[in-house]
Amino acid sequence: MFKEKDYVRYGSRGIFQVEQIIKKELKPRHPETCYVLSSVYGIHTQIVTPASNPQLRRVMNREEIDRMIDEMPLLESDWIDDKRKREETYRAILEEGNGRKLAQLIVSIYSQKQDKLKDRKSLSRTDAEMLERAEDLLHEEISLSYKIKKEEVADYLLSRFKDK
């Protein structure tokens with residue numbers, strides 16, 4: 001269970017801060033513990049969701065992010081040739097918002113993008129959008145944990161990879 005002021009990832013919706021913990025009757029005569037969440041990035045949004053919501057997870061801490069970043073160059077592309085299956089799989093990863101799975105998705109699409117560039121081709125619009133969304137979700141978490149602006153995360157990551 002989270003505490004007030006904790007930061008949580010709410011699937012693909014982004015990062016939120018727990019503003020309040022309340023009891024609310026979501027079903028008649030069944031009070032349930034709920035979180036009142038406020039968005040951290042983008043348009044200010046407030047959401048009330050049950051504490052049991054499986055899409056909520058703790059934001060990765062700095063050590064977990066450091067480990068993930070260190071492991072990213074070692075990740076192999078996990079490209080799925082079947083377009084329909086790839087889109088379905090990648091959409092599920094985006095919806096879940098798991099940092100490590102997002103990193104794997106980014107590596108896979110980015111690797112495919114590099115291969116296509118060699119042949120003077122480009123990614124499909126859907127793949128490019130998924131790459132952008134995955135980067136955005138992961139950059140939110142890195143930004144929060146490192147206390148840097150989201151726009152600075154890409155440069156930070158490039159500097160980390162150059163050191164490898």
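Here is a short chat about the predicted model shown above.

Student: Where is confidence lowest, and where is it highest?
Tutor: Helix 5, residues 153-162, has the lowest confidence, with a mean of 85. Strand 1, residues 7-10, has the highest, at 96.

Student: OK, helices. At what angle do helix 2 and helix 3 cross?
Tutor: Roughly 140 degrees, and their axes come within 9 Å. Helix 2 covers residues 83-96 and helix 3 covers 99-118.

Student: Roughly antiparallel or oblique, then?
Tutor: Oblique, because roughly antiparallel is kept for angles over 145 degrees.

Student: And is the crossing left-handed or right-handed?
Tutor: Left-handed.

Student: Which residues make that contact?
Tutor: From helix 2 you have Tyr90, Ile93, Leu94 and Glu96. Helix 3 brings Lys101, Leu102, Leu105, Ser108 and Ile109. By class, the contact has six nonpolar residues, two charged and one polar.

Student: Switching to helix 4 and helix 5: how do they pack?
Tutor: Their axes sit 10 Å apart at an angle of about 80 degrees. That makes helix 4 roughly perpendicular to helix 5, since angles of 65 to 115 degrees get that label.

Student: Who's touching whom there?
Tutor: His139, Ile142, Ser143 and Tyr146 on the helix 4 side, with Val153, Ala154, Tyr156, Leu157 and Arg160 on the helix 5 side.

Student: Is Lys147 buried or exposed?
Tutor: Exposed, because its relative accessible area is 74%, and the cut-off for exposed is over 50%.

Student: And Arg29, where does that one lie?
Tutor: Arg29 is in the loop between strand 2 (15-27) and strand 3 (30-39). Arg29 isn't a glycine but has a positive phi of about 60 degrees. Arg29 is exposed too, with a relative accessible area of 76%.

Student: Last one: Arg84. Which helix is Arg84 in, and is it buried or exposed?
Tutor: Arg84 is in helix 2, and it counts as exposed because its relative accessibility is 69%.

Student: How far apart are the C-alpha atoms of Arg84 and Glu95?
Tutor: They're separated by 16 Å, and the two residues are 11 apart along the chain.

Conventions:
Residues are numbered from 1 along each chain as its sequence is written. This is a predicted model: local features need pLDDT of at least 70, side-chain atom pairs count only at pLDDT 80 or more; totals for chains, interfaces and linings use all residues. Side-chain values use heavy atoms; hydrogens and water are left out. Axes are lines fitted to C-alpha atoms, for helices over the stretch in contact, and angles run from 0 to 180 degrees between N-to-C directions. Helices (H or I, at least four residues) and strands (E, at least two) are DSSP runs, numbered from the N terminus. Angles under 35 degrees count as roughly parallel, over 145 as roughly antiparallel, 65 to 115 as roughly perpendicular and the rest as oblique. A crossing is left-handed if the near helix is turned anticlockwise from the far one by less than a right angle, and right-handed if clockwise. Contact means heavy atoms within 4.5 Å. Ala, Val, Leu, Ile, Met, Phe, Trp, Tyr, Cys and Pro count as nonpolar, Asp, Glu, Lys and Arg as charged, and the others, Gly among them, as polar. pLDDT is the predictor's confidence in each residue, from 0 to 100. Buried means under 20% relative accessible area, exposed over 50%, partly exposed in between (1.4 Å probe, protein chains only).
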